[in-house]
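Dear colleague,

I am passing on the structure that we spoke about, and my notes on it follow below. Please read them with the model open beside you.

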Amino acid sequence: MSLKSLLSLSSAACALGLAAGAAHAQTAPTPGPAAAETVEEIVVTSGKRAENIQDVPSSVLVVTAAGLERAGVRDFDDLVKVAPSLTITKTSQPANNSINIRGIGTYAYSIATEASVAVVIDDIPQAFQAAAFSALVDVAQVEVLRGPQNTLFGKAASAGVVSITTQAPTKTFTARAEVMATDDHEARVQATVSGPISDTLAFRLAGNYSKYRGNIYNLATGDWLNGQSDTTLRGKLVWTPSADWTITLSPYITRTLASCCAGAEFFVSPGVTVGRNNIPQSTILAGVTPGPNNRVTRMDVNARGNALDYGSGLKVAREVNGYTLASISSYDRYYLYDRQDTDSTDFDFSVFAPGAPKGGSGNGGYFKINSVTQEFRLTSPSEGRLRYVAGAYYSRTGSQRYFVRGSNELGTYGGLASLPTTNGTAYSQYLSRAKSINYALFGQGTYGLTDKLDVIAGLRVNKEKISYKFFDYGNKVTYGDPSCSTTSPTVKISTCDSDTAVTGKVGARYQAAPDFMTFATYSRGYKGMAYDLTSTLTTRSLLTTGPLKGIPVADAVASQQPIAPETVDSYEIGFKSAFFDHRLTWNVTGFYMEFTGFQAQSRDLITNQNVLNSIGQVTSKGVETEFAAKLGHGLTLNGGGAYNKAVMDDFPNASCFAQQTVAQGCVGGLQNLSGKPLFNAPEWNLNISGQYEHAIGQGYTGFVSGGFRWQSAVIFNLLQDPDSVQNDYGIANLAAGVQTDRWKATLFVNNLFDKSYALTKGRDAQWNVSQTAAVPTNAVNWKPARDSQRYVGARFAIAY
């Protein structure tokens, strides 16, 4: 990517930034129009030191607690409302959720596959991305770091980082409570107490309980699906035994009860049937009317994703002559118990499969993730020509996945290999264990060549050791046991591997004027090796073609592992500016990212199976912008946007989507997706929000706030299923209320114009459809988003 190309991208952003955009560098709520009419200074820690966001030479979006409240951001999923480069993909269950930045996320789902976006809470990285999907409790601000952040945040940050900072203890005793309820059955209660215990010891304790009923009704069980309940307790204890010592202990626990992730029939062609025995549509859909607003389903297994996450962080910091030496330790345990309906019906297949248990097929099991991290960090003084951060990092993560695809109760089929369903219900039972150990040394610094020009350089060396064990209980086959075993029933495999990677960053920052800074950077990112530990490793049928002909599928797939690392070269150029005595800030970044060895599901030409593989080259390029403005007389505006083109440049051996025809490009079970877009990656994403405040009496302030976000069309299926397209849509929110210095009452309506849209959508595999019949038939399933219908709510907060 040439500098000229980046400059053209940056220039194109001018129109984008002036048109409208997304919410980020938000400003805190003010007590009234008499407050200072300048944009609040935002301090970020993206460089692992406290800096004004306007001085940071990279693309960072920040949302404060006030901005989160105005935008109605209550859960992690809601961050897409305020971060235009961020999307979240939800598929079959919570462990398969993906966080994407600039269109890049995780496109394969295994406990031995790394995420592309790291989630960090109070300096502690989340070991398993699914743990992030809960309520945001006592948050001070959220920073979205776009582009590879491997130099400072490690190998699981090749696309970016979402960094969450919680509130610190207060110097005086304070308390706050908040309640919220909506007319679509969401309720939430939060409370916080904070203050000093002694002259050297302070505490903060925050609790949250939230519950949302869900938006899909299951006629078979009488339960609502896609709901979630979170109970969270988060503490913070800060001990300052002297002026140069600070010790912070941050324990937490979250319990989540979720009925994620269930869909409903969007479209079903008349007359199509289900199963090998052609069960009539009227039987399967009894009481269900497929359509673009259908929120009713019929399944005899409720979706479930119940989780428990607990642990603690410990940070010990000492100041010595302006330098800060810190030790940051963490311990985390995460458990997820999941269940899904495999055949997606409530039909009793034992009618056609004598000896099988009554009902259909369910799948699920559990995940257990244990992680420990340790970081030592040295931060130089903020003054002087040379400013740097350096350190050492260690992490150890152990993961388990127990999985069964069998009867509704996860038992066997009574001796049968599968049920006579349309989709695959072959019995499978396995336990996989994966371990990852990382050692790293890192450093990044800035040197002032002149009073206006700084150069930036950073480097990280990471040593990674990974291993796995896989126990196929159904077929009594084991891989990797004893540890590091290289044997399978037929071919040699590898179950212990290591790699050393070097990542880094170089760039320059130029302060053209006191309120105008430009920057240009190059970053090298890395995503580690991976193992594809899924039910494919339980498939014992023999390959009929290729160099491994006659070898069981599972052994052949195991012999091709581990999957090679993924690397990224990223270029950024941009500016950060302030105008009109800091009443307006406007930031723009142009970027180009090129990924090599991109990890995703594809057809392996040796085993002829759909497995995790390296697919060649992927690029993501575009422009990001955000602004904040104080317009006077109590009016605040925030906005921003992103143009992003994320495509697969080299993917010639992709699998075909379900029922894809030769006319649609499917030849011999393969298609060429080179030049096609990545899934859930909108080219355009814009939003704008504002708030107006006005004194209405002694000590009372009235306010009105609103926001609008819009995104262009996306495709939810990496294989380009045309039924997985969500057209462009826009969502408007409105709120109004009254506040004093002690309490605040708010009425709000979200999705004001009742715009329906899908969280995900695609062709439904449970139906006997044919695209090659004389009259083609089809079936489409969708999952409506949380705010895909208008709802009204009220919130009341009181503080002491």
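The model is a predicted one, in which local features need pLDDT of at least 70 and side-chain atom pairs count only at pLDDT 80 or more, while totals for chains, interfaces and linings use all residues. Residues are numbered from 1 along each chain as its sequence is written, and side-chain values use heavy atoms, with hydrogens and water left out.

Two or more lining residues come from each of helix 2, strand 38 (684–697), strand 39 (700–711), strand 42 (729–739) and strand 43; here helices (H or I, at least four residues) and strands (E, at least two) are DSSP runs, numbered from the N terminus. Strand 39 contributes the most, with six residues. By residue class, the lining of the largest cavity has ten nonpolar, ten polar and seven charged members, where Ala, Val, Leu, Ile, Met, Phe, Trp, Tyr, Cys and Pro count as nonpolar, Asp, Glu, Lys and Arg as charged, and the others, Gly among them, as polar.

Glu69 also takes part in a salt bridge, that is, a side-chain nitrogen of Lys or Arg within 4 Å of a carboxyl oxygen of Asp or Glu. Its partner is Lys744, at 2.9 Å from N to O, and the pair ties together distant parts of the chain, with Glu69 in helix 2 (residues 65–70) and Lys744 in strand 43 (residues 743–750), 675 residues apart. Glu69 is partly exposed, at 24% relative accessibility, whereas Lys744 is buried at 14%; buried means under 20% relative accessible area, exposed over 50%, and partly exposed in between (1.4 Å probe, protein chains only).

A second salt bridge joins Arg146 and Glu626 at 3.1 Å, N to O, and it links strand 8 (residues 139–146) with strand 33 (residues 617–632) across 480 residues. Arg146 and Glu626 are both buried. In a further salt bridge, the closest N and O atoms of Asp454 and Arg509 are 2.7 Å apart. Asp454 is buried, with a relative accessible area of 11%, and Arg509 is buried, with 10%. The count of salt bridges comes to 31, and Arg74, Asp75, Asp184, Glu186, Arg188 and Arg786 are linked in a network of them.

Finally, a word on strand pairing, which requires that DSSP finds at least two bridges between two strands. Strand 20 (residues 304–320) runs antiparallel to strand 16 (residues 245–258), with twelve bridges between them, and Ile247 stands opposite Val316 of strand 20. Strand 20 is also joined, again antiparallel, to strand 21 (residues 323–341) by 17 bridges, where Asn306 has Tyr337 as its bridge partner. Strand 20 and strand 21 form a hairpin with two residues between them, and Asn321 in the turn has a positive phi of about 55°.

With best wishes
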